[in-house]
Amino acid sequence: MSAVVTLGETMALLTPPDRITAGSALWVGIGGAESNAAIGLARLGCDATWIGRVGDDDLGTAVVREIRAEGVTVLAGRDPDAPTGMMLKEVRGGRPRRVRYYRSTSAAARWCPEDLDPVVDVVAGARVLHLTGITPALGSGPLAVVRRAIAISRDAGVTVVLDVNHRRALWTDERARSVLTGLLGGVDVLLAGPDEAAMLLGEPEEDPSPQAGTDLATRLTALGPGTAVVKLGELGAAGADAHGAVVVPTTPVEVVDPVGAGDAFAAGFLERTLAGAPLADRIARGNACGGAVCRVRGDWEGLPFRDELDDPAPASAAVVR
Ligand code: KDG
């Protein structure tokens, strides 16, 4: 049994060098918020399982192989009648500017709660179930899958973590707020950005500041979760739990590709959660992992290994050979 079980859609990720024209080369990778977090956990030495659903196609095989190759246990259903989802990063000036989804008819969009029958013991045997707000946005079936996973976890005493990961391309703020706040009674730890926190609280977005972050985190705990964290980008992150509120600054990095930073934060935060660390240490590890992923192109490729966190900037620039 894995300490952390994650559940969600992982897609093929296509990245061109720049604006696409006929004949452009596309780099084929994979990405999914939950499997990104699972890969981050595996790189930090934690036992992680990803539960997913892909097509019975080459892209589905690539998804399964890549996540497995990173040391994550993969329990993925294969749908012979629906394709693996795809996303495309539109690039301008060498940097990703927009993500387009091709996933509304994907295998994961056809997920239903009965698909969890073979993995009930896996979910119930975990210490942490890590979910994101993306899965409920995929449709009524995936939402029912999330509800069932939360119910299994609650019955078994598994800690439930929800990273809001609000995707406006998938649903409206109003629908997201209504669905996600309805789940929060079953969630122990909530991870959000300031815009996502404002969306859940039904308030206008404010400019993020450490003080605003602690206020938002404290007010998010009133929606149900005992612990809430608000990620503030280069300002670090703020959190609140039964012991009070904290702000943990971070070291700014040169950002090459910010996509995946939140999943990396979740991985670091959860790794320290499993270790029983206090909230400030859990946030600090999340900050470090989030920064690491921003330095590298791709949604998860820059996720750090444990030795890189212990020695992030070797004193000597000399190459050992
Ligand atoms: O957080 C990174 C994710 O956005 C990405 O890997 C793909 O899960 C994804 C999504 O739905 O955007």
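Me: What is the relative accessibility of Glu203, which counts as partly exposed?

Reply: This is a predicted model, in which local features need pLDDT of at least 70, side-chain atom pairs count only at pLDDT 80 or more, and totals for chains, interfaces and linings use all residues. Residues are numbered from 1 along each chain as its sequence is written, and side-chain values use heavy atoms, with hydrogens and water left out. A residue is buried under 20% relative accessible area, exposed over 50%, and partly exposed in between (1.4 Å probe, protein chains only). Glu203 falls in the class between these limits because its relative accessibility is 28%.

Me: With which residue does Glu203 form a salt bridge?

Reply: Side chains of opposite charge can pair when their charged atoms come close. A salt bridge requires a side-chain nitrogen of Lys or Arg within 4 Å of a carboxyl oxygen of Asp or Glu. The closest N and O atoms of this pair are 2.4 Å apart, and the partner of Glu203 is Arg219.

Me: How many residues apart in sequence are the parts that Arg219 and Glu203 tie together?

Reply: Helices (H or I, at least four residues) and strands (E, at least two) are DSSP runs, numbered from the N terminus. Arg219 lies in helix H8 (residues 210-221), whereas Glu203 lies in the loop between helix H7 (194-201) and H8. The pair therefore joins parts of the chain whose separation in residues is 16.

Me: How many residues of H7 are buried?

Reply: Helix H7 is mostly covered. Its buried residues include Glu196, Met199 and Leu201, and they pack against helix H6 (173-183), strand E10 (189-192), H8 and strand E11 (227-231), where packing rests on contact, that is, heavy atoms within 4.5 Å. Of the 8 residues of H7, the number buried is 7.

Me: Which residue takes a positive phi just after H7?

Reply: The place to look is the position that follows the end of this helix. The phi there is about 70°, and the residue is Gly202.

Me: Which strands hold Asp79 and Arg53?

Reply: The side chains of Asp79 and Arg53 meet in a salt bridge, at 2.9 Å from N to O. The two residues lie in two strands, so the pair ties together parts that are 26 residues apart in sequence. Asp79 has a relative accessible area of 4% and is therefore buried, and Arg53 also counts as buried because its value is 14%. The strand of Asp79 is E5 and that of Arg53, covering residues 48-55, is E4.

Me: Which helices does the pair Arg285 and Glu271 tie together?

Reply: Arg285 forms a salt bridge with Glu271, the closest N and O atoms being 2.8 Å apart. Arg285 counts as buried because its relative accessibility is 17%, and Glu271 is likewise buried because its value is 3%. The pair ties together parts 14 residues apart in sequence, so the helices concerned are H10 (residues 279-294) and H9 (residues 261-274).

Me: Which backbone nitrogen does the side chain of Asp257 reach?

Reply: Asp257 lies in the loop between strand E13 (244-248) and H9, and it counts as buried because its relative accessibility is 1%. Leaving aside neighbours within four places in sequence, Asp257 is in contact with several residues, among them Lys89, Pro96 and Arg297. At 3.0 Å, its side chain reaches the backbone nitrogen of Gly298.

Me: What percentage of the accessible area of the ligand does the protein cover?

Reply: A polar side-chain atom of Arg167 lies 2.8 Å from an oxygen atom of the ligand, and a backbone N or O atom of Ala33 lies 2.8 Å from an oxygen atom of the ligand. On its own, the ligand has 320 Å² of accessible area, as given by the Shrake-Rupley method with a 1.4 Å probe; for residues, only the protein chains shown count as cover. Of the ligand's area, the protein covers 95%.

Key: Polar contact = N/O pair within 3.5 Å; in protein donor to acceptor, adjacent residues only side chain to side chain.
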